[in-house]
Amino acid sequence: MNKPPQPSARVPFWLRWLVPVLLVITWLAIAGIGGPTFGRLGEVSSNDQASFLSAGAEATAAQDWQAKFRDSKEIPAVIVIEGNSAFTPGQFGQAAALKGKLEALKVGTTVIGPIPSADAKAVQFVVPIDSSRAVKDIIKELRAEVASSAPEGMKTFVTGPAGLTADLVSAFAGIDGILLLVALGAVFLILLIVYRSLLLPLAVLFTSVFALCTAILLVFGMAKLGWIQLNGQSQGILSILVIGAATDYALLYVARFREALTHTTNRTAAALTAWKASFEPILASGATVIIALLCLLFSDLNSNKALGPVAAAGILCSLFAALTLLPALMALLGRAAFWPFRPKLLPAGEREAELVTGLEGQKGLWRATGTLVSRRPRTVWIASVLLLLVASAGILQLKANGVAQTDVILTASNAVDGQDALARHFDAGSGSPAVIVADKAKAAQVLEKVKASDGVGDAYLLAEGSVPIITGAPGAPAAPAVRDGKVLINATLDFAADSNEAENVVVELRNTVKTVDPGALVGGVTATALDTNTTAQRDLVTIIPVVLAVILVILMLLLRSVLAPVLLVASVVLSYGAAMGVSAVVFNHIFGFPGADATVPLFGFVFLVALGVDYNIFLMSRVREESLRHGTRPGILRGLGVTGGVITSAGVVLAATFAALGVIPIMFLVQLAFIVAFGVLLDTVLVRSLLVPALAYDLGPRIWWPGKLGRPGTDAAVPGLPAAPEPESAEAGIR
């Protein structure tokens with residue numbers, strides 16, 4: 001441990017005032033530029049699922065071919081007008097008049113319809129919308145026009161890919177305001193309770209907010225340059241991750257700063273002492289999370305690749321803010337930051353004793369925890385492992401093979417209701433056909449195979465100058481459109497385009513058409529969802545080993561040990577399994593979710609393992625520091641007691657910030673919020689407080705194998721360093 005400066009130590013003026021003031025001004029300037037950029041992220045953000053696929057996916061190749069058959073980038077909106085009984089001639093005529101009004105809006109190319117249902121209780125229109133325009137605004141305009149023009153007493157819906165996209169964008173609307181307010185409010189309340197101070201929570205919040213403003217500026221620039229693909233999910237996760245991580249790092253620094261203030265009256269000297277003591281664990285923690293997130297670049301999904309650098313940029317900004325802005329604020333505020341409960345300078349005798357033991361008086365919960373760990377270490381860690389294993393069994397109930405797009409939005413949605421109306425009166429896949437790209441010479445054979453396939457309602461070749469042909473549409477031209485020797489076939493499925501049944505039909509279609517034309521491609525909305533889920537599951541197997549290997553190497557370098565890092569990684573993986581097991585039970589039996597997005601297990605793993613290792617880094621880096629002075633077992637108890645409060649506070653803050661994601665009514669974010677919040681609390685309360693200390697205490701010096709601390713007889717102080725008196729009992733080691 002670095003020797004704290006004496007109360008009389010003098011610090012140069014430039015270091016006492018000039019450097020802190022310049023740092024604060026610099027961060028104010030950056031935040032002033034980055035803050036307004038927050039509202040501009042929508043300019044570089046996209047929620048189009050097709051853009052998230054890798055270039056190698058079949059659906060992506062089919063989409064590229066499909067673009068050659070149309071002059072503009074359009075997505076279909078499907079309008080459904082539904083009555084309780086069959087339409088009268090007058091009602092049908094009134095509905096038919098809507099076509100002219102829709103065309104007058106000029107939202108896309110030719111409007112198709114009205115197409116009556118077989119039971120005559122509904123009609124539908126297909127309106128191709130120019131996707132380069134604001135889809136949300138166009139859908140709002142369409143819904144207003146349809147509602148005012150439809151026959152009286154009829155229900156109206158605007159659905160299809162365009163309608164669902166618009167409702168998805170609306171659900172993400174809270175990311176810019178509500179999410180941030182909820183997260184910051186939760187953090188402020190927790191800090192207020194923990195520190196019982198007003199200035200300190202504000203200083204920590206300023207650090208977090210300035211880090212977020214800087215991260216937003218960085219991410220906006222990367223997206224503007226086309227380096228990354230930003231979406232609503234990444235945007236929401238970025239805000240939460242930066243606030244949570246910056247606050248965690250700030251809490252670790254504040255704990256060291258408060259400790260330093262008990263040894264000196266010089267606030268700048270205390271700030272420097274705290275910086276030196278916290279630099280290594282904060283840097284190691286941040287580097288671990290950044291590298292783990294960058295492992296997502298190995299993903300085949302563009303959405304995962306995008307999240308990696310986006311989130312890593314956020315952690316990088318959090319790291320710099322915690323190591324520059326916060327120390328500058330503390331150097332300027334000094335003891336006033338803790339008002340009205342300012343830390344007092346210890347009397348000289350107690351101060352020297354503190355230098356020897358590195359120990360603040362422990363009492364209450366952490367004294368009891370240390371006593372339990374020291375008296376029954378093996379019982380504690382075995383019981384903890386068994387509890388985690390039992391919780392992990394629930395992972396067998398996890399249904400992470402994707403969910404229908406209509407289930408993604410958790411609030412009322414006109415588009416979702418419209419899909420139900422389509423299923424009641426038309427082929428459920430109307431408006432979102434499967435798209436087959438085939439050779440012109442084999443078009444007739446492929447079309448015949450497609451029509452004969454189970455789950456296909458009807459199929460047509462795309463005609464020159466036409467949009468996809470819908471069942472019942474009049475005047476379909478016979479001459480097919482041909483591009484580079486390829487033709488396009490639209491197949492209307494019997495199932496909703498975003499359903500599991502539709503995905504099964506696409507799988508069969510791919511097998512069937514390739515028997516006639518091996519180069520045929522099957523794409524469309526359903527194929528895109530299918531390929532996304534398949535790729536996400538493959539990514540899980542690929543990325544997890546890479547993340548674990550990277551974290552293991554970092555821990556070995558930090559702790560100068562092999563055994564301790566292996567055990568720490570194993571404990572975090574076990575904690576992840578328990579969190580996923582409990583989450584699966586909660587999702588299925590409490591929330592009643594139909595399943596989980598295929599990317600949820602991977603994102604949950606990356607965040608829980610990286611962030612869970614954070615707390616073990618905070619704990620074990622302090623344990624190693626204490627072990628060098630007092631021996632391994634006393635060092636474990638001292639490290640546990642000194643870091644217990646700050647790490648628990650950090651865990652509660654991080655859990656609260658991730659829980660704030662639950663305010664966004666998107667199933668993926670709600671599920672990720674629960675998994676990470678519960679997992680962080682589990683890791684903080686059980687793994688870091690009981691399992692790891694008890695296992696380390698049971699192993700003793702062997703935990704540091706093969707380093708110097710792991711050699712026999714090193715359960716006492718390391719030679720060359722001042723040693724503290726050995727405690728009379730295990731409990732005495734935590735007094």
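Strand S1, residues 74-82, pairs with S4 in the antiparallel sense, over five bridges. One of the residue pairs there is valine 78 with threonine 159, the latter in S4. Before I go on: this is a predicted model.

S1 also pairs with S3, again antiparallel, and here there are nine bridges. In that pairing isoleucine 81 has valine 123 of S3 as its bridge partner.

Next comes S2. S2 and S3 run antiparallel and are joined by three bridges. Isoleucine 112 stands opposite valine 126 of S3. The two strands make a hairpin, with five residues between them. In the turn, alanine 120 has a positive phi, about 65 degrees.

Putting the pairings together, we have an open sheet of four strands in the order S2-S3-S1-S4, with antiparallel pairing. Which strands are at the edges? They are S2, residues 112-116, and S4, residues 155-159, and each pairs on one side only. From one strand to the next, the twist averages 20 degrees.

What lies across the sheet? Helix H16, residues 414-425, lies across S1, S3 and S4. The helix runs at about 105 degrees to S4. As for S3, residues 122-130, this strand is mostly covered, with eight of its nine residues buried.

Now to helix H18, residues 500-514. Its 15 residues, at 1.5 Å a residue, should span 21 Å, and the end C-alpha atoms are 22 Å apart, so the two figures agree. Which residues of H18 are buried? They are Ala502, Glu503, Val505, Val506, Leu509, Arg510 and Val513.

Where is serine 561 found? It is in the loop between helix H19, residues 525-559, and helix H20, residues 563-591. Is serine 561 buried or exposed? Its relative accessible area is 4%, and the cut-off for buried is under 20%, so serine 561 counts as buried.

The side chain of serine 561 reaches the backbone nitrogen of alanine 564, at 3.3 Å. Leaving out residues up to four places away in sequence, serine 561 touches Met556, Ile703, Trp704, Trp705 and Pro706.

Key:
Residues are numbered from 1 along each chain as its sequence is written. This is a predicted model: local features need pLDDT of at least 70, side-chain atom pairs count only at pLDDT 80 or more; totals for chains, interfaces and linings use all residues. Side-chain values use heavy atoms; hydrogens and water are left out. Two strands pair if DSSP finds at least two bridges between them. Axes are lines fitted to C-alpha atoms, for helices over the stretch in contact, and angles run from 0 to 180 degrees between N-to-C directions. Contact means heavy atoms within 4.5 Å. The expected span of a helix is 1.5 Å times one less than its number of residues. Buried means under 20% relative accessible area, exposed over 50%, partly exposed in between (1.4 Å probe, protein chains only). A polar contact is a pair of N or O atoms within 3.5 Å; within protein, one must be able to donate a hydrogen and the other to accept it, and residues adjacent in sequence count only if both atoms are side-chain atoms.
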